[in-house]
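Have the model open and follow along step by step.

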Amino acid sequence: MSGIKDRLESEHARLEAEVAELDLNERESLSEASGENVYRDHMGDQGTATFERELDMTLEENVRDSLGAVHAALGRIEAGTYGLCERCSAQIPVERLEAVPTATMCIACKEADETR
Ligand SMILES: [Zn+2]
């Protein structure tokens with residue numbers, strides 16, 4: 001299981017760096033005179049600018065979600081509950097944890113959850 005912990009820790013470091021970078025980009029775009037009015041005067045650019053901003057938001061959401069999941073997984077390792085399904089408390093198969101180190105549910109519960 002220590003291999004998985006190492007992977008989670010390096011993933012955690014990578015994601016934190018990515019969030020820091022996104023935060024930096026966000027501050028830069030906010031300082032561009034609130035963007036909106038400037039772009040509205042250039043109709044040709046507006047679509048692209050809006051699209052890029054939405055892409056940023058989605059990317060940032062994904063990164064934050066992943067970071068949260070990795071953080072929670074590391075917390076479960078500390079607490080000694082890592083690898084146990086949070087719904088039925090069954091041991092999650094190691095192969096599944098190796099494929100998805102942030103998995104919180106066994107396959108049966110995950111499938112039940114998704115088809116709800
Ligand atoms: Zn389960």
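**Exercise 1.** Decide whether Glu114 is buried or exposed, then find its salt-bridge partner.

*Solution.* Glu114 has a relative accessible area of 55%, so it is exposed (over 50%; buried is under 20%, partly exposed in between, with a 1.4 Å probe and protein chains only). Next, the side chain of Glu114 meets that of Lys110 in a salt bridge, 3.5 Å from N to O (a side-chain nitrogen of Lys or Arg within 4 Å of a carboxyl oxygen of Asp or Glu). Lys110, at 32%, is partly exposed.

Before going on, note that the model is predicted: local features need pLDDT of at least 70 and side-chain atom pairs 80 or more, while totals for chains, interfaces and linings use all residues. Residues are numbered from 1 along each chain as its sequence is written, and side-chain values use heavy atoms, without hydrogens and water.

**Exercise 2.** Which residue pairs with Arg64, and where do the two lie?

*Solution.* Arg64 forms a salt bridge with Glu60 at 2.7 Å, N to O. Both lie in helix 3, 4 residues apart (helices are DSSP runs of H or I, at least four residues, numbered from the N terminus). Arg64 is partly exposed at 39%, whereas Glu60 is buried at 12%.

**Exercise 3.** Describe the surroundings of Leu74.

*Solution.* Leu74 lies in helix 3, residues 43–79, and is buried because its relative accessibility is 14%. Beyond its neighbours within four places in sequence, Leu74 contacts Lys5, Leu8, Glu9 and His12 (heavy atoms within 4.5 Å). Among these, Lys5 and Glu9 form a salt bridge at 3.9 Å.
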